[in-house]
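Here is a short note for a colleague who is new to this entry. Please read the points in order.

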Amino acid sequence: MISVFGSANMDLVAYVAQAPKPGETITGRAFRTIPGGKGANQAIAAARAGGRVAFLGAVGDDAFGPGLRAALTGAGVDTSGVRTVPGPSGVAHIVVQDGGDNSIIVVPGANGALTGPSAEDAETIGRSRALLLQLELPMEAVVAAARLAGAVTGVEVLLTPAPAVPLPAELLDAVGVVVPNEHEAAVLTGRDDPRDALEALLERVPEAVVTLGARGALYGSRDGVRLHEPAVPVRAVDTTAAGDTFAGALAVARTEVLGPGEALRFASAAAALSVRREGASTSMPHRPEIDRLVRDRT
């Protein structure tokens with residue numbers, strides 16, 4: 001089983017030809033309300049990629065809460081660890097430009113109420129083979145979950161360090177694989193070149209994957225393995241949650257004990273399929289699609 005301790009947000013998405021400049025008002029071509037949040041996105045991505053997944057997080061008692069819970073349940077995710085807290089759910093205001101680039105403002109809402117895993121969460125994490133973490137929850141909560149998992153034999157911690165902030169040593173000490181994009185890797189290491197950033201990350205964690213968008217992904221381990229997986233050529237419609245799709249699929253591949261190269265190909269195929277469609281959780285591919293694309297590529 002894969003546990004995901006993370007955020008759930010309702011994405012408020014506006015589609016435009018070009019994002020507005022400060023002080024400018026423009027007309028959008030469409031608007032959608034889509035369940036998202038980096039934690040929920042990764043849970044849905046992993047479930048659709050074939051994993052058995054439990055989501056641990058919080059929603060508000062507002063109108064968005066039931067929709068967020070329903071989206072997870074509809075994807076086959078176990079939501080028994082989702083609590084409802086007073087106040088608004090998390091939201092993300094997203095502007096998507098033609099060509100797929102996006103800008104995002106996250107308002108934590110209920111996610112900010114989490115200070116760490118509950119006793120029930122701890123039991124779920126202890127039964128898992130992998131724990132997926134991100135940084136849209138309070139840092140103290142993320143650290144507590146990572147330390148809990150790190151103390152259990154056989155639970156691998158995968159961290160997506162987004163939004164990119166300085167990471168405490170006690171968090172990194174519990175992480176097995178860190179999965180930043182190239183911009184997050186640069187912030188974390190001070191190295192602008194992704195390959196240099198990868199080497200710097202490996203001084204802090206056993207394995208690292210740096211995603212490069214249209215240029216693919218880099219993998220490295222302290223065992224000396226270095227890989228580059230080219231991206232699948234696609235026409236991007238919306239890149240929102242491509243990184244979360246990659247992380248969720250990567251977790252599935254690792255729990256299925258695929259080698260580093262096979263795992264990268266699987267995760268890259270899932271991400272490529274997701275950017276062909278609009279939305280975050282709504283864009284994520286199912287296992288047969290991913291397997292078919294992997295076969296076509298090989």
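This is a predicted model: local features need pLDDT of at least 70, side-chain atom pairs count only at pLDDT 80 or more; totals for chains, interfaces and linings use all residues.

1. Residues are numbered from 1 along each chain as its sequence is written, and side-chain values use heavy atoms, without hydrogens and water.

2. The protein chain has ten helices and 13 strands (DSSP runs: helices are H or I, at least four residues; strands are E, at least two; numbering starts at the N terminus).

3. The C-alpha trace spans about 50 × 45 × 40 Å along its principal axes. Of the 298 residues, 52% are buried (under 20% relative accessible area; exposed is over 50%, partly exposed in between; 1.4 Å probe, protein chains only).

4. The structure holds eleven salt bridges (a side-chain nitrogen of Lys or Arg within 4 Å of a carboxyl oxygen of Asp or Glu). One of them joins E207 and R254, with the closest N and O atoms 2.7 Å apart. E207 sits in strand β11 and R254 in helix α8, so this pair ties together parts 47 residues apart in sequence. E207 counts as buried, at 15% relative accessibility. A network of salt bridges links E156, E207 and R254.

5. R287 and D291 also form a salt bridge, at 3.0 Å between the closest N and O atoms. Both lie in helix α10, four residues apart, so about one helical turn separates them. R287 is partly exposed at 22% relative accessibility. D291 is partly exposed too, at 25%.
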